[in-house]
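Here are some notes to read with the model open beside you. Take the points in order and find each residue as it is named.

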Amino acid sequence: MTITSRTNSRLTEIRRLAGAGARARSGRFVVEGEDLVMAADAAGVSALYVLCAQGFAGVARPGCLEVEPSLLASVCALRQGSRVVGVFEQRWSERAGGPLAVALLGVRDPGNVGTVIRAAHAFGASSVALGPGCADPYGPKAVRASMGAIFETALARFATVAELPGRIVALVAGVERALRGPLEGAATLLVGGERDGLPGDVLAACDDVRAIPQIAGDSLNAAMAATVALYEATRMADR
Ligand SMILES: C[S@@+](CC[C@H](N)C(=O)[O-])C[C@H]1O[C@@H](n2cnc3c(N)ncnc32)[C@H](O)[C@@H]1O
């Protein structure tokens, strides 16, 4: 049977989950697009339910509920109307795990948060920790930017750097000491927000402060800095 009513309970839930409050209360999130739903399959993560546009055979999956295509497009938070939409449980680890973690503080742009998750997965980091002031990694833009890595990467929240694993290496543009080569032992790479960077009291609590050397310009984008640092940290490392 095809869903044709705007007031269908699943469509209503998907509309609500566009809001951070509804996501936090329910512990659920929405994944838009067949590529991301297939990434969940590949990671062995089951959806609570999946809706497909009527007649779309791109993802043949048992239990997929058909929806009138324009109705399904209308509940998507991202601009392009997706033909497949899944609802999943959020997964949070109690603490960030090592040996290599990335921690974000005040990174407000969901695209940056998702891109960091993607990079963390690509470079084999054990977890991504989200501190105060960060965008919700389970929001639609962050999920899209993660390109499926949201299903592969352990996520945790932290309030203070004391909760992060290993040596805490704060990344700060322009400081004298450069981040070079693999890090010794367990470490967390700490990245600050787009506008303000990392506050002084947080830097004081870190074990080390390092810069990615630049030829020009004041700083890199937060996600770019995390990606370069992850590459540097894992380069030739036997983790
Ligand atoms: C856009 S930058 C923030 C710039 C901010 N105006 C500041 O003074 O720190 C966002 C974050 O990316 C990281 N970052 C950017 N460029 C970096 C570099 N060259 N070396 C180390 N970290 C960098 C830092 O963690 C920074 O907090």
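How many disulfides does the structure hold?

1. This is a predicted model, and the structure holds 1 disulfide. A disulfide is a covalent bond between the sulfur atoms of two cysteines. Here the partners are Cys52 and Cys64, with their sulfur atoms 1.8 Å apart.

2. The link of Cys52 and Cys64 is right-handed, with 125° about the S-S bond. The pair links distant parts of the chain, 12 residues apart. Cys52 belongs to strand 2, residues 49-53. Cys64 is in the loop between strand 2 and strand 3, the latter being residues 65-67.

3. Now the ligand. It sits in the largest pocket. There are 18 residues around the ligand, and those that come nearest are Leu171, Gly192, Ile212, Gln214 and Leu220.

4. What classes of residue make up the shell around the ligand? The shell has 10 nonpolar residues, 5 polar residues and 3 charged residues.

5. For Leu220, a backbone N or O atom lies 2.8 Å from a ligand nitrogen. For Arg195, a polar backbone atom is 3.1 Å from a nitrogen atom of the ligand. For Val172, the distance from a polar backbone atom to a ligand nitrogen is 3.5 Å.

6. On its own, the ligand has 560 Å² of accessible area, and the protein covers 83% of that area.

How values were computed
Residues are numbered from 1 along each chain as its sequence is written. This is a predicted model: local features need pLDDT of at least 70, side-chain atom pairs count only at pLDDT 80 or more; totals for chains, interfaces and linings use all residues. Side-chain values use heavy atoms; hydrogens and water are left out. A residue is near a molecule or strand if one of its heavy atoms lies within 4 Å of it. A polar contact is a pair of N or O atoms within 3.5 Å; within protein, one must be able to donate a hydrogen and the other to accept it, and residues adjacent in sequence count only if both atoms are side-chain atoms. Accessible areas come from the Shrake-Rupley method with a 1.4 Å probe; for residues, only the protein chains shown count as cover. On a 1 Å grid over the protein atoms alone, a cavity is a set of points where a 1.4 Å probe fits but cannot get out, and a pocket is an open set with protein on both sides within 12 Å along at least five of seven lines; lining residues have an atom within 4 Å of a point. A molecule sits in a cavity or pocket if more than half of its atoms lie within 2 Å of its grid points. Ala, Val, Leu, Ile, Met, Phe, Trp, Tyr, Cys and Pro count as nonpolar, Asp, Glu, Lys and Arg as charged, and the others, Gly among them, as polar. A disulfide is a pair of cysteine sulfur atoms within 2.5 Å. Helices (H or I, at least four residues) and strands (E, at least two) are DSSP runs, numbered from the N terminus.
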